[in-house]
There are 2 protein chains.
Amino acid sequence: MWQMNAADTKARLYVEDDLAEGRTLQPASDQQHYLVNVMRLGDGDVVGLFNGRDGEWRSILQREGKRGCSLTPQIQTRQQQSSPDLWLVFAPVKKARLDFIAQKASEMGCSRIWPVRTDYCQVSRVNDDRMLANAIEAAEQTERLDIAQIMPFSPVFDALSACDDDRTIIFCDEASAGDPAANAIARLADARPIERAAVVIGPEGGFSPAERSRIDSLQNSLKLSLGPRILRADTAAIAALTCYQSVCGDWA
Amino acid sequence: MWQMNAADTKARLYVEDDLAEGRTLQPASDQQHYLVNVMRLGDGDVVGLFNGRDGEWRSILQREGKRGCSLTPQIQTRQQQSSPDLWLVFAPVKKARLDFIAQKASEMGCSRIWPVRTDYCQVSRVNDDRMLANAIEAAEQTERLDIAQIMPFSPVFDALSACDDDRTIIFCDEASAGDPAANAIARLADARPIERAAVVIGPEGGFSPAERSRIDSLQNSLKLSLGPRILRADTAAIAALTCYQSVCGDWA
């Protein structure tokens, strides 16, 4: 398996503390529980730490008491890098799939994850803390060095208004399904370079006609199709992020 | 919302019966339960039927007894079309994610879904019936006209040996992660036209060195990278299938 960490790294954790050589820190109690009781790590075991600012640090675990531990950063193994300036703006779906979208957006390297209210959206509340926990867990597993920013649940046009003119709004329109002229890869390749983008995914049932024409009329919007089959919102999000990352983002 | 079905279609079901005008059929008892008790359909309601052979038929429901119903195809609304000749060959993961992979491969238009045993695979049994049920449910929702074939759990090189010389083995290699020379879209665009393909996804932990060099040495294998982050197997499957469908498959 490809690992940026040394092969002896037993776990990878996000912390909020500053990371510097020799600066011992106490991870959160659920992290201590994970390291000591779940992973059964002991004195001298190696953990990778990152905080979104200081890169990644090879750190040494020290047991403390029966159930606790501290960690001491020893050497920086990766320099800080930011994820592409890529937002996912989406109409949230049922709980399990919402967890899933937060994880997947994080794996796919989004810098901001923004749940939005649309005309046909069936969800009335979103648990921000739970989305953040999912984004952090995915970042730990996917070797990211930063955590996506979770935005509060807002009306869709609030999110789109927050897109500056140089942020391309990648509008994944179910109503264009199967239109080869809207082929995702071709549209993105033609529009390159795109430095900043927001991928926009509708709810089950799509956007309303009023929303569609309003999004279409935005000067920085790029409408694309994700093939002839109707994709669920979570699949559509991964597919659209794949197209972006592969053509315009950090896969290229 | 984009719908190939008329707006009055209340449900879409896969059946095994032949479909022809006026030929009344009895759906399976769980389907009758779904139509009558879950969807609460009544006499004259419209259901879309497909069987993988005869296209899609606008069909009329007739209640029978307290809990049953029959369906009568009235008019063919779509001609039969096959999905691209695209296999997903993957090392299965835990149960919930396995359901998920079967659904997503179906949404992404795979013709065959093939769970395989690899050196680092942690699963010892796969429930074929459950995978098929997931593939059927996804096909019903995604407007497909056929059902992906579910293959029995087999050693990975049995599946690769079943690939004829003209089937490109799209080898998603974690060990090439982040190598821009292996960029998925660029590799597939260079290799076009690819008429038949098998996307191959390893388990958590990737393929063993012996497996990697053996897959690499296959004359029809095309190694590609899915970016710099480590993706979970289910995410990698959707991402690779997106790249294929968008460049070589039926999104183009």
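This is a predicted model: local features need pLDDT of at least 70, side-chain atom pairs count only at pLDDT 80 or more; totals for chains, interfaces and linings use all residues.
**Two chains about one axis: a group-meeting talk**

Good morning. In the convention used here, C-beta atoms are placed from the backbone, and a residue is buried if 20 or more other C-beta atoms lie within 10 Å of its own, exposed if 12 or fewer, and partly exposed in between.

Residues are numbered from 1 along each chain as its sequence is written, and chains are lettered from A and ligands numbered from 1 in the order in which they are written.

To return to the opening residue, Arg40(B) sits in the loop that joins α1 (29–38) to β2 (46–50) of chain B. Its phi is near 55 degrees, a positive value in a residue other than glycine. In chain A, phi of Arg40(A) is likewise near 55 degrees, and Arg40(A) is placed in the loop between α1 (29–38) and β2 (46–50) of chain A. Helices here are DSSP runs (H or I, at least four residues), as are strands (E, at least two), numbered from the N terminus.

Next, the chain as a whole. Chain A contains seven helices and 11 strands. Its C-alpha atoms fill a box of roughly 60 × 35 × 30 Å along the principal axes. Of the 252 residues in chain A, 45% are buried. Taking contacts in chain A between residues at least 6 apart in sequence, 77% join residues at least 24 apart; two residues are in contact if their C-beta atoms, placed from the backbone, lie within 7 Å.

One backbone feature deserves mention in each chain. The peptide bond from Arg192(A) to Pro193(A) is cis, with omega near -5 degrees, and Pro193(A) belongs to the loop between α5 and β10 (196–201) of chain A. In chain B, the bond from Arg192(B) to Pro193(B) is cis, with omega near -10 degrees.

How are the two chains related? A rotation of 180 degrees, with 0.0 Å of shift along its axis, superposes chain A on chain B with an RMSD of 0.0 Å. That is the relation of a two-fold axis. In chain A, the C-alpha nearest this axis belongs to Ala239(A), at 3.0 Å. The superposition is by least squares on the C-alpha atoms of residues with pLDDT of at least 70 in both copies.

I turn to the interface. There, 34 residues of chain A are in contact with 34 residues of chain B. On the chain A side, the elements that give two or more residues are α2 (95–107), α5 (184–191) and α7. Of these, α7(A) gives the most, with eight residues. By class, the chain A side has 16 nonpolar, 10 polar and eight charged residues. For these classes, Ala, Val, Leu, Ile, Met, Phe, Trp, Tyr, Cys and Pro count as nonpolar, Asp, Glu, Lys and Arg as charged, and the others, Gly among them, as polar. Since 100% of the interface residues of chain A are also interface residues in chain B, the copies meet through the same surface.

Which helices pack across this interface? Helix α7 (residues 233–247) of chain A packs against helix α7 (residues 233–247) of chain B, at an angle of about 65 degrees and with the axes 9 Å apart. Axes are lines fitted to C-alpha atoms, for helices over the stretch in contact, and angles run from 0 to 180 degrees between N-to-C directions. Among the residues that make this contact are Thr235(A), Ile238(A) and Ala239(A), together with Thr235(B), Ile238(B) and Ala239(B). The contact residues divide into six nonpolar, six polar and no charged.

The axes of α5(B) and α7(B) come within 10 Å and cross at roughly 40 degrees. Ala184(B), Ile185(B), Leu188(B) and Ala189(B) of α5(B) meet Ala240(B), Cys243(B), Tyr244(B) and Val247(B) of α7(B). This contact has eight nonpolar, no polar and no charged residues.

Finally, the core. The largest nonpolar core has 146 residues, and those with the most contacts inside it are Val199(A), Ala240(A), Val199(B) and Ala240(B). Such a core is a set of buried Ala, Val, Leu, Ile, Met, Phe, Trp, Tyr and Cys residues joined through C-beta atoms within 7 Å. Not counting residues up to four places away in sequence, Ala240(B) touches Ile170(B), Cys172(B), Ala184(B), Val199(B), Ile201(B) and Leu226(B). Thank you.
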